[in-house]
Amino acid sequence: MKELHARPFVRHFRTLFLSDVHLGSKSAQADLLVDFLKCHDAEKIYLVGDIVDGWRLRRSWHWPSAHNDVVQRLLSKARKGSEIIYVPGNHDEFMREFPGEHFGGIEVRLQDVHETADGRRMLIIHGDEFDVVVRNARIIAYLGDWAYDMAIAINHIFNRIRTWLGFPYWSLSSWAKLKVKNAVNFIGAFEDALVSEAKRHNCEGVVCGHIHHAIIGTRGAITYVNTGDWVESCTAVVERHDGTFELIRWTVMAGTEIGDVLQGAQPIAAE
């Protein structure tokens with residue numbers, strides 16, 4: 001993969017939202033995230049959970065230099081004045097033991113309320129609290145996590161073949177989420193639960209992660225934002241200086257040229 005060291009510009013935003021990076025996992029697309037962070041900056045950065053994958057690190061240690069580069073890039077942004085808030089998820093639940101603590105300029109909060117430039121209150125929460133399997137059947141959650149790893153490995157091999165044949169990237173798990181009825185029902189129930197939680201906090205919207213399904217939309221009067229992940233889709237959400245949100249897809253096929261720093265960017269103004 002060709003790096004972006006020579007990029008002549010950086011996009012500046014009011015707020016940047018990232019989640020589900022899964023550093024410590026072999027599936028983490030850390031190189032792509034480092035390149036993304038070189039090209040994007042923000043006054044405030046939210047890390048919306050599962051940034052570090054404690055589940056996998058407990059099974060076996062995996063921390064290549066690219067994973068450390070992500071951490072160093074974020075710490076550098078904090079030193080240069082970006083406010084960085086870490087809202088832990090289930091894979092990095094060990095960070096929930098340190099609410100209010102600062103690590104290299106990064107503050108840990110269990111959840112937060114962010115006010116957009118146009119005055120809307122957005123609840124910031126990872127979302128695993130509303131996943132019945134994670135809360136009540138931890139063994140099943142671990143098995144599901146293992147199955148997801150296997151699907152990612154299969155998908156990687158499949159896409160290497162597709163690249164060799166000249167076809168674009170295709171995500172098996174994303175396809176399954178949209179086609180398998182139970183998965184679709186789970187996503188819908190998850191979104192409904194997060195919308196209800198936003199209402200309970202008197203918020204006009206919610207920003208979450210957890211289910212690796214990036215989207216910006218509305219559910220009634222509530223803005224629903226899911227940041228996606230940096231395992232497959234490589235997505236992030238940004239708030240522009242006028243308060244509108246943009247979903248950025250940073251998927252670059254291995255072994256191909258990077259055609260455009262904004263490849264896949266989807267500007268979406270919240271209604």
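Which residues form a nonpolar patch on the surface? In this predicted model, the patch consists of Ile161, Trp164 and Leu165. Tryptophan 164 belongs to helix α5, which spans residues 138–164. Its relative accessible area is 73%, over the 50% cut-off, so tryptophan 164 counts as exposed.

Helix α1, residues 30–39, presents another picture. This helix is mostly covered, with 9 of its 10 residues buried. The buried positions are Ala30, Leu32, Leu33, Val34, Asp35, Phe36, Leu37, Lys38 and Cys39. Several elements cover the buried residues of α1. Among them are the strands β1 (11–18), β2 (40–47), β11 (235–239) and β12 (245–249). Helix α3 (65–79) also contributes to this cover.

Aromatic contacts were examined next. The count comes to 6 aromatic pairs. One of them joins phenylalanine 36 and tryptophan 230. Their ring centres lie 5.3 Å apart. The planes meet at 55°, so the pair is tilted rather than edge-to-face, which requires over 60 degrees. This pair links distant parts of the chain, 194 residues apart. Phenylalanine 36 sits in helix α1, whereas tryptophan 230 lies in the loop between β10 (222–226) and β11. Both phenylalanine 36 and tryptophan 230 are buried. Elsewhere, ring pairs connect Phe17, Tyr46 and Phe245 into a cluster.

Notes. Residues are numbered from 1 along each chain as its sequence is written. This is a predicted model: local features need pLDDT of at least 70, side-chain atom pairs count only at pLDDT 80 or more; totals for chains, interfaces and linings use all residues. Side-chain values use heavy atoms; hydrogens and water are left out. Patches are made of residues with over 30% relative accessible area and no salt bridge: like charges are joined within 9 Å, nonpolar side chains (Val, Leu, Ile, Met, Phe, Trp, Tyr) within 5 Å. Accessible areas come from the Shrake-Rupley method with a 1.4 Å probe; for residues, only the protein chains shown count as cover. A salt bridge is a side-chain nitrogen of Lys or Arg within 4 Å of a carboxyl oxygen of Asp or Glu. Helices (H or I, at least four residues) and strands (E, at least two) are DSSP runs, numbered from the N terminus. Buried means under 20% relative accessible area, exposed over 50%, partly exposed in between (1.4 Å probe, protein chains only). Contact means heavy atoms within 4.5 Å. Rings of Phe, Tyr and Trp (its six-membered ring) pair if their centres lie within 6.5 Å; planes under 30 degrees apart count as stacked, over 60 as edge-to-face and the rest as tilted.
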